[in-house]
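Student: Could you walk me through reading this one, feature by feature? I'd like the general idea each time, then the case at hand.

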Amino acid sequence: MNKLYLTLEHVAKSYARSVLRDVNLTVTNDSYVTILGKSGSGKSTMLNILGLLEDYDAGEYRLNGTLIRNGRDYARLRAENIGFIFQSYNLISTMTCRENILLPTLYGNVKDTRGIEGLAERLGIAPLLEQRVNTLSGGEKQRVAVARALILDPCLILADEPTGNLDVQNRDIIMDLLREEHKRGRGVILITHDMQTASCADTVYRLEDGVLVEGK
Ligand SMILES: Nc1ncnc2c1ncn2[C@@H]1O[C@H](COP(=O)(O)OP(=O)(O)OP(=O)(O)O)[C@@H](O)[C@H]1O
Ligand SMILES: [Mg+2]
């Protein structure tokens, strides 16, 4: 697994209005970071930039020595370093759980480094592997999405409100897993609305007026 060293320096991003004004952040393998902030404050925008899914307008983002520059294709860098858990699952509903989880392994010659069976067991979805995603409940879908994010054993896990729509039991399964991944040396950045969920992190930030400030 790669070592992780990520920095955002003075990162800014606008759409019709300015969303991120001056975002600074350093994350390593030792980091477990949660990000709070009002709806519309730019949390997903920031996570999408970190996940190499969106460009930024100004400042610098460096991921493991690579300066991320607009318009470049970072598919390989993403596949090798980042596991992204989306707010809305982003699964392919007509495919089975197994096919969805293994999708990242189809990239180039990237291998299935984790072992799908153990991961599915850990997430309580082993009996569902051959089932199509469109037959699953929300909590089951989110656990499949978590398995897909972890299958390549990323050094950085980005999670956009992964427990927002889940019951307590499903929330605990996912939070326990993220904690365990962090203990195994993965950097975690977790967006949440929920104070209790946020407080499990080493560092809690709040995104406010386009700036990331430490503290609840
Ligand atoms: N692709 C886009 N085009 C135009 N505006 C956008 C786009 N993506 C986000 N925005 C705007 O940027 C702002 C921040 O959106 P973002 O999704 O980052 O907020 P958020 O903090 O994740 O909110 P939530 O807690 O509701 O998920 C919002 O005002 C949103 O409308
Ligand atoms: Mg969001």
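**Strands, helices and a ligand shell**

Tutor: Let's begin with one bridge: Phe-84 has Leu-158 in strand 7 as its bridge partner. Before going on, note that this is a predicted model, in which local features need pLDDT of at least 70, side-chain atom pairs count only at pLDDT 80 or more, and totals for chains, interfaces and linings use all residues. Residues are numbered from 1 along each chain as its sequence is written, while chains are lettered from A and ligands numbered from 1 in the order in which they are written.

Student: Which strands pair with strand 7, and in what sense?

Tutor: Two strands pair if DSSP finds at least two bridges between them; strands themselves are DSSP runs of E, at least two residues, and helices are runs of H or I, at least four, numbered from the N terminus. Here strand 6 (residues 82-85) pairs with strand 7 in the parallel sense over 4 bridges. Strand 7 and strand 8 (residues 187-191) also run parallel, joined by 5 bridges. Ala-159 sits opposite Leu-190 in strand 8, and Ile-157 has Val-188 as its bridge partner there.

Student: How does the chain get from strand 7 to strand 8?

Tutor: Through helix 6 (residues 168-183), in a right-handed β-α-β crossover. Right-handed says that, with the strands pointing away from the viewer, the path from the first strand over the helix to the second runs clockwise.

Student: What lies on the other pairing of strand 8?

Tutor: Strand 3 (residues 32-36) pairs with strand 8, parallel again, over 4 bridges. Ile-35 is opposite Ile-191 in strand 8.

Student: How do I read the two faces of a strand, buried or exposed?

Tutor: In a regular strand the side chains alternate between the two faces of the sheet. A residue is buried if 20 or more other C-beta atoms lie within 10 Å of its own, exposed if 12 or fewer, and partly exposed in between, with C-beta atoms placed from the backbone. In strand 7, Leu-156, Leu-158 and Asp-160 on one side and Ile-157 and Ala-159 on the other are all buried. Strand 8 is largely enclosed by the rest of the structure, because 5 of its 5 residues are buried. Gly-187, Ile-189 and Ile-191 point one way from it, Val-188 and Leu-190 the other.

Student: How many residues of helix 5 are buried?

Tutor: In helix 5 (residues 138-150), 10 of the 13 residues are buried, so the helix is largely enclosed by the rest of the structure. Among the buried ones are Val-144, Ala-147 and Leu-150.

Student: Last one: which residues are around ligand 1?

Tutor: A residue is near a molecule if its C-beta atom, placed from the backbone, lies within 6 Å of it. The residues around ligand 1 include Tyr-15, Val-19, Gly-37, Lys-43 and Thr-45. Helix 1 (residues 43-50) gives the largest share of that shell, 3 residues.

Technical notes: The expected span of a helix is 1.5 Å times one less than its number of residues.
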